[in-house]
Protein chains: 2
Amino acid sequence: MYEPPAMAPQAVNPLLDIFDAKSVAVVGASADPGKAGYQVLKTLLTMGYEGQVFAVNPREREILGVACCASILDIQTRLDLLVISLPAIHAVGAMKQAAQRGDIQGAIVLSAGFSETAVPEWVEAERELVRVAKSAGIRVFGPNCLGIINCNSRLSTSFAPGLTFAQGRIGYISQSGATGGAILMMAADQPKPLGYSKFAHIGNMCDVSNLELIEAYGSDPSIDVIVLYMEGVRDGRKLLEIASRVTRTKPIVLFKVGRTDLGAAATLSHTGTLAGSDAVYDGAFKQSGIVRVSSLEELVDSAKLISMFPKAAGNRVCVLTEAGGLGITCVDQISRDGILQLASLGRVTQERLTSILPAMAVVAKPNGYVDMTAAALTREHCESLRAILEDPGVDSVVLMTLPPTFLPALEVAKGLAAVVKEFKKPVLVCLMKGEPMAEARRYLEENGVPTFDTPDRAATALAALTRASLVKSAAISTVTSSVSDPVIQKALAARRNLLEPEAMQLLQDNGFSISAFHFARTKEDAIRAAAVIGGPVVMKVVSAQVIHKSDVGGVKVNVVGAQAIGKAYDEIVANVGKAAPEASIDGVLVVPCAAAGTELIIGMVRDPQFGPVIMFGLGGIFVEVFKDISFRVAPFDREVALDMINETRAARILEGVRGQAAADVGAVAQLLVKVSELAARYEEISEIDLNPVRVYAQGAAILDCRIILKQAASASAAAAGQSQ
Amino acid sequence: MYEPPAMAPQAVNPLLDIFDAKSVAVVGASADPGKAGYQVLKTLLTMGYEGQVFAVNPREREILGVACCASILDIQTRLDLLVISLPAIHAVGAMKQAAQRGDIQGAIVLSAGFSETAVPEWVEAERELVRVAKSAGIRVFGPNCLGIINCNSRLSTSFAPGLTFAQGRIGYISQSGATGGAILMMAADQPKPLGYSKFAHIGNMCDVSNLELIEAYGSDPSIDVIVLYMEGVRDGRKLLEIASRVTRTKPIVLFKVGRTDLGAAATLSHTGTLAGSDAVYDGAFKQSGIVRVSSLEELVDSAKLISMFPKAAGNRVCVLTEAGGLGITCVDQISRDGILQLASLGRVTQERLTSILPAMAVVAKPNGYVDMTAAALTREHCESLRAILEDPGVDSVVLMTLPPTFLPALEVAKGLAAVVKEFKKPVLVCLMKGEPMAEARRYLEENGVPTFDTPDRAATALAALTRASLVKSAAISTVTSSVSDPVIQKALAARRNLLEPEAMQLLQDNGFSISAFHFARTKEDAIRAAAVIGGPVVMKVVSAQVIHKSDVGGVKVNVVGAQAIGKAYDEIVANVGKAAPEASIDGVLVVPCAAAGTELIIGMVRDPQFGPVIMFGLGGIFVEVFKDISFRVAPFDREVALDMINETRAARILEGVRGQAAADVGAVAQLLVKVSELAARYEEISEIDLNPVRVYAQGAAILDCRIILKQAASASAAAAGQSQ
């Protein structure tokens with residue numbers, strides 16, 4: 001089903017070897033069923049793990065029929081994996097013994113009580129754990145975790161007793177043990193338990209990180225889809241880099257919490273992850289081809305669908321229903337989602353459906369929607385599904401049928417499954433909940449047809465599959481080695497940000513198209529500059545201490561003629577002197593008046609997780625009230641820039657509403673790309689604010705430009721406070 | 001729990017008597033299990049119905065052990081209810097016999113093939129059915145329906161075999177049989193099957209309507225919450241009138257499909273309901289206190305919660321979790337919903353929680369969020385829940401706990417249920433899915449504590465309960481007997497719409513505050529008028545044929561001085577004469593220039609279902625691109641007007657963003673109320689368009705006003721086409 005990998009096949013990832021461990025020792029094995037050290041051992045012994053299992057406990061002779069060793073040093077055969085289930089205070093000691101052995105590849109530290117306590121001595125103990133392990137080449141998972149599960153070898157280090165194995169092609173990574181457990185239970189509680197290949201919850205991530213696991217799963221031939229629960233990442237750029245690569249061959253579906261400010265606050269108190277701006281994460285996920293879903297149910301529904309149908313050829317879906325109400329619910333969800341569209345059934349298909357279905361049936365009203373009505377029996381279900389799947393204009397089908405009245409549900413299921421097998425198109429069946437449907441749903445899922453509880457959940461899962469199939473991931477270029485610029489050096493030396501004329505010069509030097517500008521240091525200079533520019537000009541005070549120039553009377557627009565320019569110069573100097581007496585005035589920037597146009601904002605900030613990120617939005621209240629903005633991680637190419645424009649509702653305005661000409665979206669995209677490159681090139685720049693940018697039918701103009709430098713950031717914040 | 005009804009107790013609704021029928025005859029009883037006439041009879045005989053059951057079939061001796069009558073006229077004892085399960089062609093005959101008897105109160109016509117076919121002869125047959133029934137005082141349910149279920153008497157006319165009875169306090173009304181069946185199955189498929197009192201699916205609604213059922217359920221003491229699946233209504237005003245009354249004492253929760261344009265198109269082909277604008281429905285639901293939900297699962301979740309806890313005292317919710325990931329998911333959903341907010345736990349509560357919970361616990365970070373951590377045992381769960389419920393700042397609690405690790409789930413459930421019983425506050429428990437939790441969830445629900453599959457679904461259900469508890473329904477005044485106005489009469493006689501000066505006059509006569517305006521029929525007149533007004537004026541062409549005045553050069557702004565006014569007058573006449581030669585020019589409207597301000601749109605249209613509806617939004621692209629508009633049914637009071645303003649994101653702009661002064665929201669509300677009253681007063685007005693209205697720190701001004709009359713509507717549309 002998959003396209004061939006875009007890169008040369010890699011050597012098998014060493015982390016995968018750890019999942020394939022042939023022998024495991026549980027250090028801290030316990031005879032008390034209330035302890036993790038008992039539950040882990042029990043799982044390893046009773047759930048079919050094929051490798052060798054050792055129990056380490058100096059105070060017990062045997063547990064669950066296994067003789068106990070006093071120490072791992074007593075184990076005479078080769079040992080691949082260690083599970084440490086000891087109080088934190090004893091964990092380092094166990095790791096030291098492991099290091100002595102020399103054969104151990106991985107250690108899962110289940111124990112809590114390390115860095116998550118934020119107590120310095122336990123933070124240090126965790127560091128020591130890693131130091132000891134690294135010295136012996138041991139990779140550490142945890143501490144404070146459930147560890148790993150490999151369904152294929154039936155290896156599980158989890159102490160959660162409710163979990164079951166079901167082999168399949170999903171790779172799970174969860175940043176929360178409880179949520180990870182919940183996901184596995186939801187996945188097990190399907191008509192056919194949803195199979196998976198590997199699961200990992202690695203807690204504090206003192207050594208092995210979620211990102212490494214994504215990479216490992218990416219190279220794992222037993223995994224078709226990677227499913228993540230995430231609260232945040234430390235190194236956003238690395239996530240982007242790895243995910244961009246992995247999603248070229250394997251879908252990644254992700255549920256990330258902390259979407260709202262309060263949710264982010266709760267996240268901080270949970271894993272201590274600096275949640276960062278959720279909007280930046282959102283942009284980064286899109287950029288790297290990760291499919292983000294918005295609930296646990298959607299995560300499991302999508303994982304199920306994608307593990308059964310890894311790819312949809314396109315976004316054209318046909319809704320085939322036996323019941324109007326359910327069908328409409330599905331159409332509503334499809335219309336709302338943004339990626340799916342109703343398929344246009346061809347004339348031949350429509351004629352075939354009309355001849356197959358009862359006279360009351362609704363065929364293609366609207367097109368792509370077919371209501372078979374309650375008079376449709378098994379034959380009608382199967383034949384209309386076949387007719388639709390044969391239509392080359394259909395990429396996928398959502399089929400809803402009734403809680404059974406006179407329809408033999410199992411017979412319908414058998415018929416449908418046979419038709420689905422003839423094609424390679426995703427077909428999602430919604431038989432609703434309830435015991436009467438259970439057998440039919442089980443049959444369908446056992447025969448490769450996913451079923452869903454409600455039509456809207458089916459449509460939502462299909463949207464996720466379609467996104468995963470269609471979205472192209474754009475690898476970010478690695479940041480080129482940082483260069484510098486004399487203008488930046490000068491400002492840094494003076495511990496200030498770039499003055500606006502300097503900022504414009506820097507843009508111009510970096511290939512931005514900038515209209516004429518002149519930095520006038522005297523009144524006469526301003527008059528001369530305006531004469532050269534010609535036509536009405538805008539004059540703006542230049543001062544390192546003034547951020548909000550208009551607020552202090554530092555801006556004059558539409559100034560014409562030498563006398564007016566001289567007067568404006570004097571007024572600006574007087575106004576600013578009065579409103580911001582502490583500001584030293586360097587002069588006045590003289591630029592031509594720009595024509596009217598739609599105003600945009602383009603900004604750059606350095607995100608703690610993702611580094612330089614670029615923001616795009618319509619100016620003013622659109623950003624503040626409508627939050628109609630998009631983010632991407634810099635640097636990026638034109639395609640990403642166009643995506644980030646199109647994602648906002650502002651894009652519709654740029655297309656030209658109310659009879660206005662379409663704006664030059666290409667020019668805006670080019671500007672975004674250039675800003676993203678600038679941000680990557682100069683590490684000293686901490687913020688860029690092009691606000692407003694005016695866009696026209698042809699071209700775009702930067703009207704105001706602010707560049708904040710890293711060292712000067714705090715000084716400028718103080719200045720901003722003063723000038724307001 | 002409920003507040004006492006605001007009205008005097010009514011006589012029992014006669015429709016409820018039909019649900020309480022003591023004897024039922026199935027006309028068209030069948031021996032074939034594949035027929036509805038068999039399934040209905042079987043349900044009546046085997047599911048515990050306490051009344052008498054008769055089978056009518058002239059060709060059978062007995063079915064399912066019941067002797068068959070050849071005709072209902074052969075039944076010698078009193079007969080309350082008839083179920084007609086005959087081909088459409090025989091239904092009228094059966095109804096005629098029913099009419100002859102004189103004792104039958106209600107007839108459920110299951111048969112399909114009537115007006116839904118849109119075939120004239122069957123549409124007529126349905127009418128005949130009603131005529132016959134009416135003549136004998138028989139109320140008809142259907143045709144083309146599942147009919148009714150009364151769980152208390154175990155009466156069911158449904159032929160869907162999977163349905164079960166579970167007594168409870170929900171009243172269901174579904175506009176789709178399949179969806180209604182699906183809802184019942186989803187309700188049955190809960191840890192404790194969700195009980196209900198009555199269910200109705202009444203198909204074509206040839207006689208009894210959904211609205212009458214809402215009214216009947218409203219007066220039914222066995223029903224606490226009314227749960228609806230809706231595709232559309234014929235008489236929106238009646239819905240509003242009935243629902244406004246019912247929701248004062250009983251919550252109505254509703255799932256309506258056809259939210260999107262394509263969904264609405266599919267709705268049209270399903271029940272033939274003119275879907276109308278979903279945004280108008282949305283406004284009407286809010287106005288009448290109906291709680292709208294957005295999926296079937298949300299409908300069932302909300303129904304469960306509200307039937308267990310009919311009321312929340314407020315919107316302050318505490319999230320209590322044993323697992324961070326689940327807790328954050330819940331907080332995210334609470335923050336997004338708009339009605340709920342995290343409770344502020346008092347200092348004492350926080351101290352108690354800190355002393356109860358393990359040291360690792362996160363107490364009130366953010367406030368209202370408590371993470372007990374995985375170290376919390378049964379005692380910690382129960383005591384912290386009690387501490388939180390005792391806090392007067394908490395109205396409700398969502399509690400999440402883990403898939404069991406070492407926690408005995410049933411013991412926790414018992415402890416929690418005991419604590420919940422001590423208080424009257426809603427507590428929602430989320431134990432996630434999966435077999436290991438099933439017993440604990442069952443115990444909780446059997447002891448009055450609702451459980452939910454995921455944290456976000458719990459939060460969403462709580463939002464619905466909170467809306468139902470807090471929202472006040474605003475009864476619409478019935479439209480006063482329509483008056484007319486000489487200006488309207490004159491325009492109607494001329495088959496045209498109101499000229500702008502006439503429209504302004506009408507507004508002024510109806511108590512709107514309008515700035516000075518003058519309808520100048522000559523140049524000299526315009527000059528005189530401007531002098532009287534003083535200051536710069538706006539001049540606009542007055543012509544019944546010109547709608548888009550600016551497009552034809554018919555508007556001049558900021559005109560000052562006699563000479564300029566004379567010139568502007570001539571130019572307007574010349575421009576319009578050239579651009580719209582067919583237009584007859586009546587003169588020029590002269591008004592003072594209005595100060596700059598935030599521009600709004602206030603509109604009125606007559607909706608096919610709801611009659612006059614008022615639209616509010618910010619001007620221009622906010623309406624077109626951001627769809628940031630709200631609707632209410634006219635007439636309404638100030639409180640509704642404020643609601644409709646606050647519902648838009650524009651409200652945040654009116655509050656004053658970016659340092660601007662707050663706008664006079666009271667003046668906008670007053671204007672909305674006045675427009676709503678005007679629309680109700682003059683039935684001849686089909687559309688009002690005040691666009692723009694400018695709002696200031698004090699007051700608001702109508703800058704442009706268009707009033708379209710009913711008779712002239714088509715003529716004006718033609719004119720609009722020409723002038724563009």
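**Two strand arrangements, in chains A and B**

A hairpin joins β26(B) to β27(B) through 3 residues. The model is predicted. In chain A, 7 strands form an open sheet of mixed pairing.

**Chain B: the strands around β27**

- Strand β26 (residues 598-607) of chain B runs antiparallel to β27(B), and 8 bridges join the two.
- Within this pairing, M604(B) stands opposite I614(B) of β27(B).
- β27(B) also pairs with strand β28 (residues 629-633) of chain B; these run antiparallel, with 5 bridges.
- Here G617(B) stands opposite I629(B) of β28(B).
- Strand β27 (residues 611-618) of chain B has 8 of its 8 residues buried, that is, under 20% relative accessible area. β27(B) is therefore largely enclosed by the rest of the structure.

**Chain A: the sheet**

- The strand order is β9-β8-β11-β10-β12-β13-β14 (chain A).
- β9 (155-156) and β14 (291-293) of chain A stand at the edges. Each has a single partner strand, so one side of each lacks a neighbour in the sheet.
- Strand β10 (residues 167-174) and strand β12 (residues 225-230) of chain A run parallel, joined by 5 bridges.
- Y172(A) has V227(A) as its bridge partner in β12(A).
- Strands of a sheet pair through backbone hydrogen bonds, either parallel or antiparallel.

**Chain A: helices across the sheet**

- Helix α6 (residues 210-218) of chain A lies across β10, β11 (196-201), β12 and β13 (252-256) of chain A. Helix α6 runs at about 160 degrees to β10(A).
- Helix α9 (residues 278-287) of chain A lies across β12, β13 and β14 of chain A. Its angle to β13(A) is about 175 degrees.

Technical notes: Residues numbered from 1 in each chain as written. Chains lettered and ligands numbered in written order. Predicted model: local features only at pLDDT ≥ 70, side-chain atom pairs only at ≥ 80, totals over all residues. Heavy atoms only, no water. Pairing = 2+ DSSP bridges. Helix = DSSP H or I, 4+ residues; strand = E, 2+ residues; numbered from the N terminus. Contact = heavy atoms within 4.5 Å. Axes fitted to C-alpha atoms, helices over the stretch in contact; angles between N-to-C directions. Buried < 20%, exposed > 50% of the residue type's maximum accessible area, 1.4 Å probe, protein only.
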